[in-house]
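Dear colleague,

Please look through it first; my notes on what was found follow.

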Amino acid sequence: MEPTWEPKILAFLCNWCSYAGADLAGTSRIQYSPNIRVIRVPCSGRINPLFILKALQNGIDGVLVSGCHPGDCHYLTGNYIGRRKSATLKRFLEYLGVEEGRVQFSWVSAAEGGKFSQVVDEVTRDIKKLGPPKHFAKQMRVQGV
Amino acid sequence: MVQKKLREKAKELLSKKEVDLIIGFGEGSQPLRATPVFVRTPEEADRLVWNSFCENNLATYLHKFNRFKVGIVVKGCDARSVTALALEKRFKPEQIVLIGIPCQRMIDRKKLKKAVKGEIVKVREEGDKIIVSAEDGEVVLRRDDFLYPLCKACTHRNPVQETLLVGDRVEEAALTGPNPEAREFEKKSPEERWAFFEKETDRCIRCYACREACPMCYCTECFVDSSNPKWIEKSLSPSDLQFYHIVRAYHQTGRCTNCGACERACPMDIRLTYLTQKLNQEVEELFQFETGVDPGALPPLSTYKADDPQEFIK
């Protein structure tokens, strides 16, 4: 039997808010979709658009970038700078023809374990609806993987 | 005549030693072409020309001469690139003497070649007419039919900042709306858009001529050349070609002046300006920013406002 497809989602979480939010979700034993792989980054402003593109190229099905709420940034303005990058990148990718929802963004604070689980569930649901990416991902070199 | 005034101005600047060097356009080795020339003495100033084929963005060369006082011949778009580069601290603004020429809009040489049978031997311009001498005889064509699409949409033909102006100011009236290619492309469905992007980038031979022609592409190590981290493989796989073109365009966010140098440099005729047009449109819509117009305004991605749009963030 063909195993059902489960999306692989890469989540870039900022060290100070969203990562702690994910931690809280874990210690509070909140259940959420197991589809995300977390990469901890210092700040959502640290996200280089190349990270997101490289992830998509290497066969990731969806990307979530999450940082502190505006005004809460540990480095004061990192998430504001990140917000501008995200806004332009998201619009540009959609313009090129990448499906809306393939790359998503959220604000999750360290106290929002519940919101974190909700966001992950929503993103997973969206990506499942979109299915595996049809373009851009590099062909797997090994057959049958 | 603009060309005569330009040479006089260049001679004056060089003989008074106000600049060490003037970057301008010279006669190309083929008809329909102009080549960049670097003039160092008043006598050499007669090499400078001005016509409708002076299409390159000469701001590209400023990086190579940032220890000199440089005079540079600029059109509206080039002048904006110079301002944008000065904002990024590539040189001190006082190092640069802008010799501004209100642009008559440039002629698309590839389109012209297609319209004329046989090899073009010589081209002359008279008012709004182009007189092309080809092997089979002379043809008279309307200038407006052969303009670059970008030039048709141009709203900054006069250099916006203070320059030594050569020639009379032209009236700023775009023949089409802003970013025509982007607005056209947006109407297609996402699948069609990706298919178009794929079809275009598929021809890419990764010669990086688009990068070299662009004044804003000046990184000492471009992301395509970096081996650690290795962002992109040196292959011609479609995915890598797409990756290159997405990132090259995205790096122009808030920095592109719509000069079209990238697309004109492409030996494979890949459409590139529809990408950067979209980014310009985004930056204008989201952050009310236009590149190189206000010498005091920071590039949009290196600053922020507390109330930037964020409806897309959960």
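**Helix α10 of chain B**

Helix α10(B) is 15 residues long, and its first and last C-alpha atoms lie 21 Å apart, close to the 21 Å expected at 1.5 Å a residue (the expected span being 1.5 Å times one less than the number of residues). Helices here are DSSP runs of H or I with at least four residues, strands are runs of E with at least two, and both are numbered from the N terminus. Please keep in mind that this is a predicted model, in which local features need pLDDT of at least 70 and side-chain atom pairs count only at pLDDT 80 or more, while totals for chains, interfaces and linings use all residues. Residues are numbered from 1 along each chain as its sequence is written, and chains are lettered from A and ligands numbered from 1 in the order in which they are written.

Most of α10(B) is covered, with 11 of its 15 residues buried; a residue is called buried if 20 or more other C-beta atoms lie within 10 Å of its own, exposed if 12 or fewer do, and partly exposed in between, with C-beta atoms placed from the backbone. Among the buried residues are Tyr274(B), Leu275(B), Leu279(B), Val283(B) and Phe287(B). The buried residues of this helix pack against α3 (78-96) of chain A, and also against α4 (149-152), α5 (180-186), α8 and α9 (261-265) of chain B, where contact means that the C-beta atoms of two residues, placed from the backbone, lie within 7 Å. After the helix comes Gln288(B), which has a positive phi near 50°.

**Where the two chains meet**

The contact between the chains draws on 31 residues of chain A and 33 residues of chain B. On the chain B side, the elements that give two or more residues are α6 (190-201), α8 (238-250) and α10 (273-287). Sorted by class, that side of chain B holds 20 nonpolar, 5 polar and 8 charged residues, with Ala, Val, Leu, Ile, Met, Phe, Trp, Tyr, Cys and Pro counted as nonpolar, Asp, Glu, Lys and Arg as charged, and the others, Gly among them, as polar.

**Chain A**

Chain A has 4 helices and 4 strands, and along the sequence they follow the pattern β-α-β-α-β-α-β-α. Its radius of gyration is 15 Å, which agrees with the value near 15 Å for a compact globule of 145 residues (taken over C-alpha atoms, with a globule rule of 2.2 Å times the number of residues to the power 0.38). Of the 145 residues of chain A, 51% count as buried.

The strands of chain A form an open sheet of 4 strands in the order β2-β1-β3-β4, with parallel pairing; two strands pair if DSSP finds at least two bridges between them. Because β2 (36-41) and β4 (103-107) of chain A stand at the edges with a single partner strand each, one side of each is left without a neighbour in the sheet. Within the sheet, β1 (residues 9-14) and β3 (residues 62-67) of chain A pair in the parallel sense over 5 bridges, and Ala11(A) stands opposite Leu64(A) in β3(A). Helix α1 (residues 18-27) of chain A packs on this sheet, touching β1, β2 and β3 of chain A, and its direction makes about 110° with that of β1(A) (axes are lines fitted to C-alpha atoms, for helices over the stretch in contact, and angles run from 0 to 180 degrees between N-to-C directions).

One residue of chain A to look at is Thr124(A), which lies in helix α4 (residues 113-130) of chain A and counts as buried because it has 21 C-beta neighbours inside 10 Å. Apart from neighbours within four places in sequence, Thr124(A) is in contact with Pro7(A), Ile9(A), Ser33(A) and Asn35(A).

**Two further elements of chain B**

In helix α2 (residues 76-87) of chain B, 11 of the 12 residues are buried, and these buried residues pack against β3 (70-74) and β4 (96-100) of chain B. Just after α2(B), Lys89(B) has a positive phi of about 60°.

Strands β5 (residues 120-126) and β6 (residues 129-134) of chain B pair in the antiparallel sense over 6 bridges, and Glu126(B) has Lys129(B) in β6(B) as its bridge partner. The hairpin of β5(B) and β6(B) has 2 residues between the strands, and there Gly127(B) takes a positive phi near 60°.

With best regards
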